[in-house]
Amino acid sequence: MNDLTSKQPLSRSTHGAGSMMDNEKLIAESPDLRTTAKIKRETITAVGVFGLTILLIFLSRFVSPALGGWDQVNTVLVLACFLIVVSFGQGIVILIGGLDLSIPALITLSGVLTASWIGVSGDGSWYLFPLIMVICGGIGAVSGIGIVVLNIPPFIMTMATGIIVASSALGFTGGSPRGGASPLLLGLMKGNVMGIPWIILFILFFCVVGVLIQSRTTFGRRLMAIGSNLNAAVLAGIPTGNYIISAYITSAMSAGFAGFMLVGYANGATLRMGDGYLLSSIAAVVVGGSSILGGRGSFVSTIGGTLLLTTLGLVISALGVPQGWKTVIEGCTILFALLLLREDLISFFSRPKSRK
Amino acid sequence: MSNWKKMAAKVGLTSAVAALALSAAVGTASADQKKFKIYLSLSYSGNSWQSEAANVVKALAATPPYDKMVELKEVISGADPQAQIAAYESMIADHADGIVSFPISSTALNRVIKKGCDAGVKFFMYDATVTEPCAYNISYITSGFGENSAQALVNELGGKGKIFLSRGVAGNSVDKRHTDGAMAIFKKYPGIQVVAEYYSNWDDRTTQQETAKALAAHPDVDGIWAQAGEYGAIQALMDKGNKLVPMTGENSNGFRLALANPEFQKRGLKGVSAGSPPAQSGYAFKLMMEVLTGKRDLKPQNIEYPLPWVPADQVKPCSGQSFENGCNVFPEGVVPSSFVTEIFNPTLLPELTLKSALDGKPTPGATIQALAADVVVTAPAEPGINCQKCEAPKDLYKLTKIKATVN
């Protein structure tokens, strides 16, 4: 479908092909003297989000004297690790201008399969972990194929796969998921190495790899190109269909991996374990400064977004106010963060000096 | 069978007659006996409690002689009152004889229930209740889970300490009843300080994460009062370090095993397991069948299910598939830790085994045992929970399971 639509602009653009090449040459040769280039928008967002998080951690000392220390950072990192992994996938899908609503269902499916197939004493069946990942990836591929080949809007397509997957998980378990976490998962979520929890080391590693994939690989850059302008990406010769499908596969596998982690954390699976990771993953990506329309965003800022949201949740739960007010405060703070990271405010800081 | 009937109706009168003749030839007993059309209406499914409660009803409906008398259909409508109203509407339109149901709201369903009652449908609600007076409510809600468990915690803490309240679903009438009962006790003790209160949606994982958050701010907590999801609170404590604290919670297998674990006791875990039993659905179903078959004359009313109450020293693991010799928990690995243990009741539901609760299968060889003539215990009126314009008794939060040992 994309190839069909792309033919028209392609034939039109052949007329101006010569002048375009000249332009490109010109741009490539002239040195970039603008001062804006020194501070990237992404950097400002990332600094802003991380700054807010750190500020919040310091301020939380006033809420409770026990907060504001390494212990709290530790708790935030452990609680945020699921959201970080899920948001990596959601972020990639949002980057190409899509949306993945099947995440909660995939988390649940992966959790239910892990608990029942691998179970408590299942280090001998470690090979089932990759198998479950392949199943999740396959479901992501189905979503992606529906979106690319059948041209179904992403949120309808992923909603449909999500409902099918969630219902299959309900049918598979008959309502009560059996089994528990294998020693491998328990070790990952609860174990320590030299006083540092394994999960924190793991999540740091995951973040580094995630950032590299999204901003340093051809894969990441091409996804961004697709999100900025699909037609331009087609013109540039990117096999857009394959990339879009792989974005959904990535998101599904991230959700599946978060399912493993949740099984290790809660030592078992429930059919509602994925609830609460759909909206919060979208919120983390958007608070992290990514455009919901695609084409812009960095995983560094998304990590900042997840940490900000988790810290906020933690501090608010420590406030001695009724639940209604807690939710109001949470909403207001997210709104405040979004206002603070607004386009015009950022462009104010990164405005070229010459214009002043 | 139901599909069969539908097909026959579609094909036409001749084949319907043929089908009737056929069924008459095959089984004379079932041919002249009208089957009761019973609906099992769940609001949402997705946790162990709901599926166990549904399986108990399915198992009883398949136990002789009810297997020949009952045509049971299950409808899961979701966590939205509107959807359950629509589900009730279609059951009434289908001329149901009875509906055994977990109602999602205590007030939103009233109108459609009244409509059903006028059409001759019997409504039996289990666990959650409705305020419509023409429905039967069978529930433990009025049995005082909140106040009794709160007093147990106060006793363990010697009347002073910092505690967490791990609550259910925000805005839900059941959560409010439990918490009101508990607070009525906690307020009597100035030494008891509620330092954190959070909604855990009766879910293990949510409880674990919310408790972890509260522990970050209050690592010096002395006790936890929890509704369902309590196993998550223990896990959060263990994630944090070695210290465990006295806590009360509901009936998950994991919590009961932890209470009885000598190592956990050494680390500070004490408490009691009480709360909502899935077995209520089976009791509701049996009562309904006795009313429908004319064996029991019972006007619509509020019926109390006794509060399960298992302190740490009374936890007793079961060796087999059933609750024998007063055992009340299954060994690790037999059922998941989120499994709700209170599925059996030797006096009310002797027909059931573990298989009934897990798979909805009847126990081989079992037959339905009649309930005792004087089994019904009337529940006290509680406005907004089981009646509309009524007054709660003055001693609403009186203690029934435990006495205060501290002043």
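This is a predicted model: local features need pLDDT of at least 70, side-chain atom pairs count only at pLDDT 80 or more; totals for chains, interfaces and linings use all residues.
For chain B, the assignment gives domain 1, made of residues 33-140 together with 278-359, and domain 2, which covers 143-274. The C-alpha centres of these two domains of chain B lie 27 Å apart, and the contact takes 26 residues from domain 1 of chain B and 24 residues from domain 2 of chain B. On the domain 1 side of that contact, the largest share, three residues, comes from strand β12 of chain B, residues 309-311, and this side as a whole divides into 17 nonpolar, six polar and three charged residues.

Let me turn now to a sheet in chain B, an open one of six strands with parallel pairing, in the order β2-β1-β3-β4-β5-β11. Which strands stand at its edges? They are β2 (70-76) and β11 (302-304) of chain B, each with a single partner strand, so one side of each is left without a neighbour in the sheet. On average, and with direction ignored, neighbouring strands are turned by 20 degrees against each other.

Looking at one pair in detail, strand β1 (residues 36-42) and strand β3 (residues 98-101) of chain B run in the parallel sense over four bridges, and B:S41 has B:S101 in β3(B) as its bridge partner.

Helices pack on this sheet as well. Helix α4 of chain B, residues 48-61, touches β1, β2, β3 and β4 of chain B, and its direction makes about 170 degrees with that of β1(B). Helix α14 of chain B, residues 280-292, touches β1, β3, β4 and β5 of chain B, with its direction at about 160 degrees to that of β4(B).

Note on methods. Residues are numbered from 1 along each chain as its sequence is written. Chains are lettered from A and ligands numbered from 1 in the order in which they are written. Domain bounds come from an automatic or database domain assignment. Two residues are in contact if their C-beta atoms, placed from the backbone, lie within 7 Å. Helices (H or I, at least four residues) and strands (E, at least two) are DSSP runs, numbered from the N terminus. Ala, Val, Leu, Ile, Met, Phe, Trp, Tyr, Cys and Pro count as nonpolar, Asp, Glu, Lys and Arg as charged, and the others, Gly among them, as polar. Two strands pair if DSSP finds at least two bridges between them. Axes are lines fitted to C-alpha atoms, for helices over the stretch in contact, and angles run from 0 to 180 degrees between N-to-C directions.
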